[in-house]
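Subject: The structure we talked about

Hi,

Here is the structure I promised to pass on. Have a look at it first, then read on.

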Amino acid sequence: MAFTRKDILGTQDLSASEIADVLDATESFIEVSTREVKKVPTLRGKTVINLFYEPSTRTRTSFEIAGKRLSADVINISSSSSSVVKGESLKDTAMTLAAMASDVIVVRHPASGAPHFLARHVPSAVINGGDGTHEHPTQALLDLFTIRQRKGTLAGLRVSIIGDIAHSRVARSNIFAMRTMGMDVRVCGPASLLPLHVESLGVRAGTDLDAAIRDADVIMVLRLQLERQEQGLIPSLREYSQLYGLNLKRLEQAKPDVLIMHPGPINRGIEIAPEVAEGPYSLILDQVANGVALRMALLYLLAGGPGL
Amino acid sequence: MVTPSEVKAEVMDAVAIDRALTRIAHEILERNKGSQGLVLIGIRTRGVHLARRLAEKIKAIEGEVVPLGVIDITLYRDDLRRRFDHPKVERTEIPFSITERCVILVDDVLYTGRTIRAALDGLMDFGRPRSIQLAVLVDRGHRELPIRADYVGRNVPTARQESVKVWLREEDGLEQVVILERPESRGSDRRP
Amino acid sequence: MRLLIRGGRVIDPSAPLDAETDLLIEAGKIIYVGPDAGDVAWQREGSHLQTPLQVVEAHGLLVTPGLIDIHTHLREPGYEYKESIETGSAAAAAGGFTSIACMANTHPVNDRAAVTEYILEKARAVGLVHVFPIGAVSVGLAGERLAEMGELKHAGVVGLSDDGKCVMNSQLMRRALEYAGMFALPVISHCEDTHLAAHGAMHEGRVSTELGLRGIPAQAEDIMVARDIALAELTGGRLHIAHVSTAGAVRLVRDAKARGLRVTAEVTPHHLVLTDEAVRGYDPNTKMYPPLRTADDVAALRQALQDGTIDAIATDHAPHDIADKEVEFDQAPVGIIGLETALALTLRLVEEGVLPLAQAIAKLTCGPAQVLGLAKGTLQVGADADVTVIDPHTEYIVDRREFRSKARNSPFHGWTVKGRALMTICSGKIVHTRAPERVTYLAAPEGERRTRGRRGRDSSGAP
């Protein structure tokens, strides 16, 4: 297969066959993580930089492990480290990293469009690790892989995404990718957290949680950022939890084989009850495990070939 | 896609292939004094089918089941940087320990030896075998690394611009080993 | 210096005139419009006959009143690293403009006479185009206290605006409209409800949802347009709406005019040509206020130009330092430059059949002149000799590296366009030319001086 992209900036421009290629490649990388020696020499001598302007445990660690299992040299730069704090602009940081001949830059940044900015200015491959409220493509791809792993297929499945859709890059990336793979997507949350034109993304939208739960094959719960209450978008966390929190009682009306997903980290008791998060239909830990393999697959596809 | 007109010569037919595999199975058992401690690991893709057939033959001869595994060497290749596409990565499946076992590595054609080198690297990540022996259906010469096969189905001297194709019914629908006149193509085939 | 512009298609919407004819300029004024101006030149008496005649061959070109931009930011005093009065004037001249009005959001703010006088003095020293300062509505643009409008008027401002910011306090806006009326100064309103627009980076719509950028709803503009019109009605004041961008605002202005209120409006070239789709790719050169809106809004703005709801095309030329703009979209300052692309974009509307040529020229000449009450924008005899000579046919590619402005923040770099000012003439002096080959000099014809109907006198006037 020929994966010819220089960067992974979002799922919106990935075709169905590109997504399928990524998911297929992920399969073989799952196996590497089950070995005793969890290392292959494929990216030996390549440099992967994790440039994280926002704090993150799981995504950054996941990329770090993925790179190291491929024998790449992985460097972590976080926003608390010196030059970023000194006020070095994103452009200068990018030029510096390019001058050091880094093969891949994984970037997470609070401004939507920051990875696109980077990709314009550096010859390295750029992977979007989450930009503002725009996209988080690796999360969506590992979500799709996890669903396919459990259900065997993707097309025709009904997915309900619950929560703060307006500010969620995970929601956007999933919506774009799921629509491309022929899945039926519905979003649900309080009106003030649903973007005005969300239906134009090809989804059904509603504010009734029960309706969203009832016919879903997969329920994806989004993290509610606790600042939304201060910003006046919802009256209180308590009310949000009452109206939109996913608990066992609400799940009684769900399909018996429904799958529960959450990108993490979870706010226990607010958007999801601990019993649900840790219950038998929860795929939350599978998502994390698959995340490493998915990221290995992407690093292989972007950096495994002729280098800089 | 190879068109029949490019076939230069047939080297083995179905009967010859089967006889060679039978002989190799006996040789393995003879050299290793039985099947104790043996494991068979086939290199994707056609080495896998050959390994399975060897396991069946050994079972028929000795009545013993030898563990069978599959190794995909894509991630260990030394020519990834020179290719312009990404070889499809398949699963490696070695669901048993190889430490202190004698591994019989199986492949269809031995050529430069680089594939075997990659397979050896991969195997080392799975454990520390007592020994590794190599069984191939065809050895066509032109080694670029100091690698040799322990068991050979047929020695086929070839010129560099030729290539040897092993067609197996599980994969290709027919049983034949042929020599082809190969037009130059960059990075499109796995160079054994 | 005498100047003859010969053989061009003279379009003067103020007359109205659209004919192939000549223009004769003397001492900074237009003294004759008609055929055979060359002959007329030699029939004039007096010492002028000793002055060579500069002749511009304008065959195949358009000759219009000097273009007027009533909304620019010259950034001086205070932000000279972005643009100066000198470079802004050069950019204006290169774009075919002979008069520009500059906004008050400088540093210090133009809320007192000293700053106004500084600007006028600097512009005089540069000597390229006419610069008309616009004074602030509120002291320091803080939106709390009225600026000393009487003093500003006396110093030479032609209008008042807090542009860059919106006067959020309705009581203050009311008083501004009332007070400014005493000095016949229009209040130019930048309509943006600061709360609704807070943190927004582009128009709130389908595209902003996809791009994950916070949006500014159209209503943030419409609410303030409605408020200002209501206050204009209350006070009888003279209101001009800056950079209209929404269909809703257009409706409100149209209605206000129909009811006889003294409201005018302007639109930028980029709002007539780009939609929010241009923001895909996150180029900060597509970030400005008001943001690029939808195709429906663009259609409404074009219609408003056609039916006179919008009186003028004004660039809102907003220079920024390259480093300032080359950042993440959220962080980038708003605004793009426009003086050197406005003409080409306006003529593109003509080519697309949105406006007839004369009407398009009017929106850049007599339209803006009327908004600010300037005695400009006309080629009638006796008027200031501000003239633009335009090549409407030759195609070229916009190259921002060739801009005379200090700034480079334009989204039109690389566009293939037609329509360019070949020559800009200000007070009878050529301040910009791309076609020096079209200029020749003539001395008085030997022995052919005719003094028509003056019996008994020869050319020197002696009996």
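Below is what I found in it, going through the chains in turn.

One thing to keep in mind: this is a predicted model.

**Chain A: the sheet**

In general, strands of a sheet pair through backbone hydrogen bonds, and they can do so either parallel or antiparallel.

To see one pairing up close, zoom in on β1 (residues 47-52) of chain A, which pairs with β2(A) in the parallel sense over six bridges. There you'll find Val48(A) opposite Val74(A) in β2(A).

**Chain A: helix α6**

Next, find α6 of chain A, a helix of 15 residues covering 137-151. From first C-alpha to last it reaches 21 Å, close to the 21 Å expected at 1.5 Å a residue. Is α6(A) largely enclosed or open? Since 11 of its 15 residues are buried, α6(A) is largely enclosed by the rest of the structure. The buried ones include Leu141(A), Leu142(A), Leu144(A) and Phe145(A), but also Asp143(A). What do they pack against? Among their partners are the strand β4 (125-131) and the helices α1 (16-32) and α13 (284-303) of chain A. Just after α6(A) comes Gly152(A), with a positive phi of about 85°.

**Chain B**

Chain B has four helices and eight strands. Starting at the N terminus, its elements run β-α-β-α-β-β-α-β-β-β-α-β. It has 192 residues, of which 42% count as buried. If you take its contacts with a separation of 6 or more, 70% are between residues 24 or more positions apart.

**Chain C**

Chain C touches chain A: 16 residues of chain C are in contact with 21 residues of chain A. On the chain C side, those residues divide into five nonpolar, five polar and six charged.

Finally, look for Asp296(C) in helix α11 (residues 295-306) of chain C. Asp296(C) counts as exposed because it has 12 other C-beta atoms within 10 Å, and 12 or fewer is the cut-off for exposed.

Cheers

Key. Residues are numbered from 1 along each chain as its sequence is written. Chains are lettered from A and ligands numbered from 1 in the order in which they are written. This is a predicted model: local features need pLDDT of at least 70, side-chain atom pairs count only at pLDDT 80 or more; totals for chains, interfaces and linings use all residues. Helices (H or I, at least four residues) and strands (E, at least two) are DSSP runs, numbered from the N terminus. The expected span of a helix is 1.5 Å times one less than its number of residues. A residue is buried if 20 or more other C-beta atoms lie within 10 Å of its own, exposed if 12 or fewer, and partly exposed in between; C-beta atoms are placed from the backbone. Two residues are in contact if their C-beta atoms, placed from the backbone, lie within 7 Å. Ala, Val, Leu, Ile, Met, Phe, Trp, Tyr, Cys and Pro count as nonpolar, Asp, Glu, Lys and Arg as charged, and the others, Gly among them, as polar. Two strands pair if DSSP finds at least two bridges between them.
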